[in-house]
Amino acid sequence: MGGALAFRAATTPSLVLGSGEAPFVESYIAGETAMKTGERDTIAAHLKKTGVSRRSFLQLCSTLIVAAPVGLSLTSKATAAQVARIVGKARRPSVIWLHFQDCTGCTETLLRTSAPDVAHLILDVISLDYHETLMAASGAQAEAALRSAIADNAGKYVLVVEGAIPAKDDGVYMQLGGKPAIQVIQEVAGQAAAVIAIGSCASWGGVPSADPNPTGAVGVDSVISGKPIINLPGCPPNPYNLLAVVLEYVTMGRLPEMDEFHRPKFAYDRVIHENCPRRAHFDAGRFAASFGDEGHRKGWCLYKLGCKGPVTHAACSTRHFNEMPGVWPIGIGVPCIGCTEKGVVWQMGTFETVPIHLATPPETYPPIYSTAGQLRVGAAALVGAIAGAVGGAAWVASQRFQSSTEAGVARVAADISHAEKAKAKPAEKPAEKREV
Ligand code: FSX
Ligand code: SF4
Ligand code: F3S
């Protein structure tokens, strides 16, 4: 194939998308020419060249705001038009996408958007310069395409990794072009600007790392160091998280704020249980007891069927898949298996129940026992009268923006301390009965 571009949408059945296909493929040919001359279009110029309407682009920017309403500098802009202005000025980011031990579900989730336009748009906004599943080339041609993509964009490309890396026995269990996979990822990551691990397999080993993990499958951050790495777990993950991270990186020059597991907080700060549409049934004690029973058919809580929503950090309950409302595991009656949590999926039994310790976020209702027990009632009333709604709003705001972990820890600490105080306090003597 030659050149940096190894992507030919028309050759892949999943991308034969009808009338819009011709300009889509042409856009990549245009991109290839630009790269050969050392230039790379701005996103706005590229979209114009390929005939994408401003309306479609604005729709994509609106979707981005919904996907990442907080936690990104980019989407903190108030309107889709403002986001579009910033994104439009950025150069199309070069993306090199490598596959290791995976099922290709991460790629499928990106391409199988319900509206073909969305897949087109995502692949117009980024410049996918190498992707083994989508390219026509194979064998030596594919190897040459990878070398070329690296050379043309050295130090600037974003490396997206899909799948786990087999590290046991010097990586002998997976060879690519005659080299161990572990060597390939280290070479390609070495010249990347940043690395995105897409899916649970790339983030921490996922399915291939399930016991007894015969190949020693691990996540990207176990074999790469010295590069910014961000994990987007999910089996499969939501493609908008990828788009949001890539665009934040190219427009703002930095990766979003991450949690301790290197997941972007904008998508993984909350547990599923907090925003689950079945939560009212959980709170009311209405549970499906077996698949197909009355509770299951009525849409009751799936906790007793092994739902891992109470301990699983992900945004699935508010950002469904394929742009279709209700399309996510719990939405279709399947318990969450905790696919974004390293210690949950593939480590716990599918129908095993998880401990409930983060079930009562203070934003749903205030703690049962206040931690501010130092004020006497009279003083508290006075402070309350002065501070009024302002203080109350500030307290509520501070509680709302705690992470679920912080909120849960604070809540449990308050309850434990109350219980201890109650234990320490001598029991009041019951009033003596008087003989009348
Ligand atoms: Fe893993 Fe990707 Fe699970 Fe599959 O390819 S995250 S097995 S759904 O999708 O790597
Ligand atoms: Fe939803 Fe699962 Fe929580 Fe039930 S246990 S409310 S189904 S997340
Ligand atoms: Fe995974 Fe649970 Fe979401 S299984 S896709 S984290 S609902």
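This is a predicted model: local features need pLDDT of at least 70, side-chain atom pairs count only at pLDDT 80 or more; totals for chains, interfaces and linings use all residues.
Which residue has a polar side-chain atom 2.6 Å from an oxygen atom of ligand 1? The residue is E162.

## Ligand 1 and its contacts

E162 reaches ligand 1 through its side chain: a polar atom there lies 2.6 Å from a ligand oxygen.

T104 places a backbone N or O atom 2.9 Å from an oxygen atom of ligand 1. C106 has a polar backbone atom 2.9 Å from a ligand oxygen.

## Backbone around the ligand shell

T104 sits in the loop between β1 (94-99) and α5. Its phi is positive, near 75°, and T104 is not a glycine. Most residues other than glycine have a negative phi, and most peptide bonds are trans.

P236 belongs to the loop between β9 (229-232) and α10. A cis peptide bond also joins D211 and P212, with omega about 10°. P212 is in the loop between α9 and β8 (217-218).

## The second largest pocket

The pocket holds about 420 Å³ of space. The elements that give two or more residues to its lining are α5 and α11.

## The largest cavity

How many cavities of 30 Å³ or more does a search of the whole structure find? The search finds 1. About 100 Å³ of space lies in the largest cavity. Its lining has 13 residues, and those closest to the centre are H273, C276, C301, L302 and C307. By class, the lining has 9 nonpolar, 2 polar and 2 charged residues.

## Helix α10 and what follows

Helix α10 covers residues 239-252. Why does its length agree with expectation? At 1.5 Å a residue, its 14 residues should span 20 Å, and its end C-alpha atoms are 20 Å apart. N238 caps the N-terminal end. A side-chain oxygen of N238 lies 3.0 Å from the backbone nitrogen of Y240.

Is α10 mostly covered or mostly uncovered? It is mostly covered, with 11 of its 14 residues buried. Among the buried ones are P239, Y240, L243, V246 and Y249. G253 follows the helix and has a positive phi, near 75°.

L255 lies in the loop between α10 and α11. L255 counts as buried because its relative accessibility is 14%, under the 20% limit.

## Helix α3

Helix α3 runs over residues 54-67. It has 14 residues and reaches 20 Å from its first C-alpha to its last. That is close to the 20 Å expected at 1.5 Å a residue. Its buried residues include F57, L60, C61, L64 and I65.

R270 is in the loop between α11 (265-268) and α12 (279-284). Is R270 buried or exposed? R270 counts as buried, because its relative accessibility is 19% and the cut-off is under 20%. The R270 side chain makes a polar contact with the side chain of E274, at 3.1 Å.

W346 is found in the loop between α13 (294-297) and α14 (377-400). Its phi is positive, about 65°, although W346 is not a glycine. W346 is partly exposed, with a relative accessible area of 33%.

Note on methods
Residues are numbered from 1 along each chain as its sequence is written. Chains are lettered from A and ligands numbered from 1 in the order in which they are written. Side-chain values use heavy atoms; hydrogens and water are left out. On a 1 Å grid over the protein atoms alone, a cavity is a set of points where a 1.4 Å probe fits but cannot get out, and a pocket is an open set with protein on both sides within 12 Å along at least five of seven lines; lining residues have an atom within 4 Å of a point. Grid points are joined across faces, edges and corners, and a volume is the space filled by probe spheres set on the points. Ala, Val, Leu, Ile, Met, Phe, Trp, Tyr, Cys and Pro count as nonpolar, Asp, Glu, Lys and Arg as charged, and the others, Gly among them, as polar. Helices (H or I, at least four residues) and strands (E, at least two) are DSSP runs, numbered from the N terminus. The expected span of a helix is 1.5 Å times one less than its number of residues. Buried means under 20% relative accessible area, exposed over 50%, partly exposed in between (1.4 Å probe, protein chains only). A polar contact is a pair of N or O atoms within 3.5 Å; within protein, one must be able to donate a hydrogen and the other to accept it, and residues adjacent in sequence count only if both atoms are side-chain atoms.
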